[in-house]
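This briefing is for a reader meeting the structure for the first time. Start by looking over the chains, then follow the points below topic by topic.

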Amino acid sequence: MRKLISSITVFLLGGILLTTFFTMPEGAKELSDYYISSGVVDTGAINLITAILFDYRGFDTLGEATVIFAAACTLAFLVPKQKVHMLSARFSVIVQQSISFILPFLFVIGMYLIFYGHLSPGGGFTGGVVLASIVILTTITFGISYSDRQVRPRVKSLLESFGAIGFVIFGLFGIFAGGAFLANGQAGFDLGIPGELTSSGLIPYINFMTGLKVAAGLSIMFTSLIKEE
Amino acid sequence: MNSIYAVVGILICIGFYTILTKTNLIKMVIGINIIESAVILLLVALSYKPGGSAPILDKGYELVVDPIPQALALTAIVIGASTTAMMLALIIKIFSKHHTLDVREIRNLRG
Amino acid sequence: MGIILHVLLVFSVLIAIFAVSTKNLLNSVIAMSVFSASFVIIFIVLQAPDVALVEAVVATGITTGFFVITLNKLEGVK
């Protein structure tokens, strides 16, 4: 009975969705045409997605970082933190040696993705997740007590708060320079030559702060999930 | 493009059916993940233009795909990962209290 | 390009049906990882390299890690 009602509901939903998709009107795209034609001049970043995320819609990105912060806080409150539980899996020497061989390269990839975010695909979120995966791989392979000794939980929460506060402070620079909050080119910062590493004003610094914040937040989430009463 | 729209509709239906009929909590989270991926595929498909290149304006581009839906999709993926982590933490708490993942038994225990 | 896109779309639907219908939870979690990996190639074909990178790192990597850790803690569940 329950499956019958569910099937009827799902078929109705599918019909509505498909008719909506196939009769969707082709809207006017003035805003994206403006971004494509003058995005490089306005922001100095040749990757338009980074230009939208960290310049035109930087306030949205601040909200997204707040969501990650709230999720990490909720996880840390939900899961008790008295006793630390080791994973039941034991790995051989080959796994441990190859993981410790991979880790420096992962660090380089993460930093490359963060600092070249305005020139190539990548950015603060991707690089931050790659940096968080270093902590996660260490935790899975060597156990959580070793991982907590290498990167202390106090350091992780400090890095997360540093990233969040740094993002807001770089946003306030725009107000001090005479523009709006999170303003970059409008406030008169030097945009440099598009395509070079030190171009596009404040975008690389905001990228770095977001990367720190995402890396610390996701590793805090993982270590909170792994703990047990 | 039409085939992508059809696949998005089918995937949303699969995820919705999973949420409605399965009684396992982890299966419900998987259904929510499938719906989320389908919506991201819809956003990316809306941004695509035939013959367009990726929105990185290095040199020598003629037609560029729409960058706004891609930026929205990027935001959605990261938020989806953190909400998934929150759902899994709630599942761990439910399991440590009721020792089951079945939705019906949890409802019976509440009385 | 069109052939690759259509094959991957059909494959992603099949793997989604497998992920929701299998009895073993670990199988369905790994199937979700494969589902996201097929989406990565679809995004690259649709000219969205940023979204493809984030999907590869987040949905295929971190989310699967969260699921596996959760299953590891829920021992004795079918």
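## Helix packing in chain C

In chain C, the axes of α2(C) and α3(C) cross at roughly 175° and come within 8 Å. An angle over 145 degrees counts as roughly antiparallel, so α2(C) is roughly antiparallel to α3(C). The model is predicted.

- From α2(C), the contact uses C:Leu25, C:Leu26, C:Val29, C:Ser33, C:Ser36, C:Ala37, C:Phe39, C:Val40, C:Phe43 and C:Ile44.
- From α3(C), the contact uses C:Val51, C:Ala52, C:Glu55, C:Ala56, C:Ala59, C:Thr60, C:Thr64, C:Phe67, C:Val68 and C:Leu71.
- Sorted by class, this contact of α2(C) with α3(C) holds 15 nonpolar, 4 polar and 1 charged residues.

**Chain C as a whole**

- Chain C has 3 helices and 0 strands.
- Along the sequence, the pattern of chain C reads α-α-α.
- A box of roughly 45 × 25 × 10 Å, taken along the principal axes, holds the C-alpha atoms of chain C.
- Chain C has 78 residues, and 58% of them are buried.
- Take the contacts in chain C between residues at least 6 apart in sequence: 45% of these join residues at least 24 apart.

- C:Ile62 sits in helix α3 of chain C.
- C:Ile62 has a relative accessibility of 6%, so this residue counts as buried.
- Setting aside neighbours within four places in sequence, C:Ile62 touches A:Val129, A:Ile136 and C:Val57.
- C:Ile62 and C:Ser33 are separated by 29 residues in sequence. Their C-alpha atoms are 9.9 Å apart in space.
- C:Ser33 is also one of the α2(C) residues in the contact with α3(C).
- C:Gln47 lies in a loop of chain C, between α2 (25-45) and α3 (49-73).
- The phi angle of C:Gln47 is near 65°, a positive value in a residue other than glycine.
- C:Gln47 counts as partly exposed because its relative accessibility is 26%.

**Where chain C meets chain B**

- The contact joins 40 residues of chain C to 41 residues of chain B.
- Together, chain C and chain B bury about 3,400 Å² between them. Of that area, 82% is on carbon and sulfur atoms.
- On the chain C side, C:Val20, C:Leu46 and C:Phe67 lose the most area to chain B. Together they make up 18% of what that side buries.
- C:Phe67 also belongs to the contact of α3(C) with α2(C).

**Helix packing in chain B**

- Helix α1 (residues 2-21) and helix α2 (residues 25-47) of chain B pack at an angle of about 160°. Their axes are 8 Å apart.
- The angle makes α1(B) and α2(B) roughly antiparallel to each other.
- Their crossing is left-handed.
- The residues of α1(B) that meet α2(B) are B:Ile4, B:Tyr5, B:Val8, B:Leu11, B:Ile12, B:Gly15, B:Phe16, B:Thr18 and B:Ile19.
- By class, the contact of α1(B) with α2(B) has 16 nonpolar, 3 polar and 1 charged residues.

**A loop residue in chain B**

- B:His99 falls in the loop between α3 (67-98) and α4 (103-110) of chain B.
- Phi of B:His99 is near 60°, a positive value in a residue other than glycine.
- With a relative accessible area of 62%, B:His99 is exposed.

**Where chain B meets chain A**

- Here 37 residues of chain B are in contact with 40 residues of chain A.
- Chain B and chain A bury about 3,600 Å² between them, and 80% of it is on carbon and sulfur atoms.
- B:Ile56, B:Leu57 and B:Ile68 supply 15% of the area that chain B buries against chain A.

**A residue in chain A**

- A:Ile16 is part of helix α1 (residues 2-22) of chain A.
- Is A:Ile16 buried or exposed? A:Ile16 counts as exposed, at 54% relative accessibility.
- How far apart are A:Ile16 and A:Thr139? They are 123 residues apart in sequence and 46 Å apart in space, C-alpha to C-alpha.

Technical notes:
Residues are numbered from 1 along each chain as its sequence is written. Chains are lettered from A and ligands numbered from 1 in the order in which they are written. This is a predicted model: local features need pLDDT of at least 70, side-chain atom pairs count only at pLDDT 80 or more; totals for chains, interfaces and linings use all residues. Side-chain values use heavy atoms; hydrogens and water are left out. Axes are lines fitted to C-alpha atoms, for helices over the stretch in contact, and angles run from 0 to 180 degrees between N-to-C directions. Helices (H or I, at least four residues) and strands (E, at least two) are DSSP runs, numbered from the N terminus. Angles under 35 degrees count as roughly parallel, over 145 as roughly antiparallel, 65 to 115 as roughly perpendicular and the rest as oblique. A crossing is left-handed if the near helix is turned anticlockwise from the far one by less than a right angle, and right-handed if clockwise. Contact means heavy atoms within 4.5 Å. Ala, Val, Leu, Ile, Met, Phe, Trp, Tyr, Cys and Pro count as nonpolar, Asp, Glu, Lys and Arg as charged, and the others, Gly among them, as polar. Buried means under 20% relative accessible area, exposed over 50%, partly exposed in between (1.4 Å probe, protein chains only). Buried area is the accessible area (1.4 Å probe) that two parts lose on being put together, summed over both.
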